[in-house]
Amino acid sequence: MPTRRRPLVRVLIGVLAGVLVLCGGGVAAVTWTLVRTTDTVGEVDFVRPLAVPPLAQSRLDDQGRRVFDLLARDGRRDFRGDGRLTRTAGFDGDFLGPTLRAKRGEQVRVNVVNKLGEETNVHWHGMHLPARMDGGPHQLVRPGATWSPTWRVDQPAATLWYHPHPHGATEEQVYRGLAGMFILDDDREAALPLPRSYGVDDVPVIVQDRSFSRSGQFSKSRNVIASIGALGDTVLVNGTVGPYLDVRTERVRLRLLNASTARTYDFGLSDDRSFALIGTDGGLLARTARLTRVRLSPGERAEIVVDVRPGERVTLRSTPPDLGIGGLARRSAGGADRFDVLQLRAAGTLTPSPPVPDALVPVDRLDPAAAATTRRLEFQGRDINGRSMRMDRIDFAATRDTTEVWEVVNSDGTPHNFHVHDVQFQLLSVDGAAPPPEMGGWKDTIYLPPHQPMRIVLRFTDHSDPNLPYMFHCHLLWHEDSGMMGQFVVVDPGQAPGRPPAHGGHAEHD
């Protein structure tokens, strides 16, 4: 196994500490400037109505498939109303994209047209589908070309999303605005008394942080101590700066998506009222969890239902998230930042909403005792198990119709998280302890606190291909682009893994 290098953050903090000791407090101001915090609580003027992404139009073709069209293109947008146009990218528009919506059991087809001046693709984050339709780095779409994946939706109702996944360029394309939500429906969810009028009491909340240059362009500044990617000082919700949502019902369902490239949020309400957490990445929970905070790292989703009173205004806020690290590392990774995100403005008279039920949908538990194998994935520096991503290497093969247990651990002091393609998993333990109830549902992305092993159980079904792999990686996109990613294939019983298509990629570390 290659020799592991000391995490950059520890080296930098050690150097800074030494300088402070040798030179005294004279450099303290410089050091603290590098890790200054951002706090917008009470400073945001909520003057713009929240933009709600339109539902994507679709049609049924002669094979009965629901067909969507997505056009990736460059754009420009005035985010702050000062006349300065920011260069952006979006699907069917200048920033973000429409919400795709399909029902379990439907066959879907998405025609992805690339009108950018560079290669791109679209990954269906959280979707269970064949590897050749997954939109990973092997399914690139050349400028001017069209890619038309098709698959059968066969998973529970959930809030998923889509975004580019070209190896080495994912952070840049997502930062420019290429992303959107994909909502799945099913009969079980439809039978529950939950808010579901899209854009009225069931609202997508796509949260991203950005910084702007003096000329109004996106500015990706990286903190050298944190080494996690770009952290912005301005929050956009559905591409809106300073947004408010007019609420006309007693309860509103917010589909929270952390679409930031590096930042972790801790969402709650400004008066610390509780809300009902009804779903996470892969769908509804078995039982409603009553919380005052929910932490979401990049790529994670949560469905919450908020009760409001007539005439009130309350703010969705992100308080400092628990990243499992302290000191300068915590501050430089955004662990001390606070943001006012979205203001909810309740009408003077509200349409009644039924109470959120305690019982939601049954969640079939996977049996770890039935696991065919147990794997350990160690995240350190920019490597997983001491190796950097290579497009021509399959890291392991899982056998179709088997269950596996994975132990995923962050072995350095830098924030990481974990995302796996194709399958939703269940969390077995966090550092040896049982997970909290709000983590008891289906997940595809989890935060990895340093030195706290996360044990998960997964089952591989339906789709197999010995040559075309799925990805597992850190969803802090700079880390992913820098090589913190691996590949696995799902094979039929007795089948050997093949070889992925030839592509360029990062070399392995010596």
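This briefing covers strand pairing, nonpolar cores and salt bridges in the structure above.

The model is predicted, so local features need pLDDT of at least 70 and side-chain atom pairs count only at pLDDT 80 or more, while totals for chains, interfaces and linings use all residues. Residues are numbered from 1 along each chain as its sequence is written, and side-chain values use heavy atoms, with hydrogens and water left out.

- Strand S22 (residues 313–318) is largely enclosed by the rest of the structure, because 5 of its 6 residues are buried; buried means under 20% relative accessible area, exposed over 50%, and partly exposed in between (1.4 Å probe, protein chains only).
- Strands here are DSSP runs of E of at least two residues, numbered from the N terminus, and two of them pair if DSSP finds at least two bridges between them.
- S22 pairs in the antiparallel sense with strand S17 (residues 265–269) over 3 bridges, and Phe267 stands opposite Ser318 in S22.
- S22 also pairs in the antiparallel sense with strand S23 (residues 339–351), over 6 bridges, and Val314 stands opposite Leu344 in S23.

**Nonpolar cores**

- A nonpolar core is a set of buried Ala, Val, Leu, Ile, Met, Phe, Trp, Tyr and Cys residues joined through side-chain atoms within 4.5 Å.
- The largest such core has 42 residues, and those touching the most other members are Leu245, Leu254, Leu256, Phe267, Val306 and Val341; S23 gives the most to this core, with 6 residues.
- A second, separate core of 38 residues includes Phe396, Met439, Ile446 and Met484.

**Salt bridges**

- A search of the whole structure finds 42 salt bridges, each defined as a side-chain nitrogen of Lys or Arg within 4 Å of a carboxyl oxygen of Asp or Glu.
- Arg309 and Asp271 meet through their side chains in a salt bridge (4.0 Å, N to O), and this pair links distant parts of the chain, 38 residues apart.
- Arg309 counts as partly exposed at 49% relative accessibility, and Asp271 is partly exposed as well, with a relative accessible area of 39%.
- Lys443 forms a salt bridge with Asp281, the closest N and O atoms being 3.2 Å apart, so that this pair ties together parts that are 162 residues apart in sequence.
- The side chains of Lys443 and Glu300 also meet in a salt bridge (2.6 Å, N to O), so that this pair ties together parts that are 143 residues apart in sequence.
- Lys443 counts as buried at 1% relative accessibility, Glu300 counts as buried at 3%, and Asp281 is buried.

Methods. Helix = DSSP H or I, 4+ residues; strand = E, 2+ residues; numbered from the N terminus.
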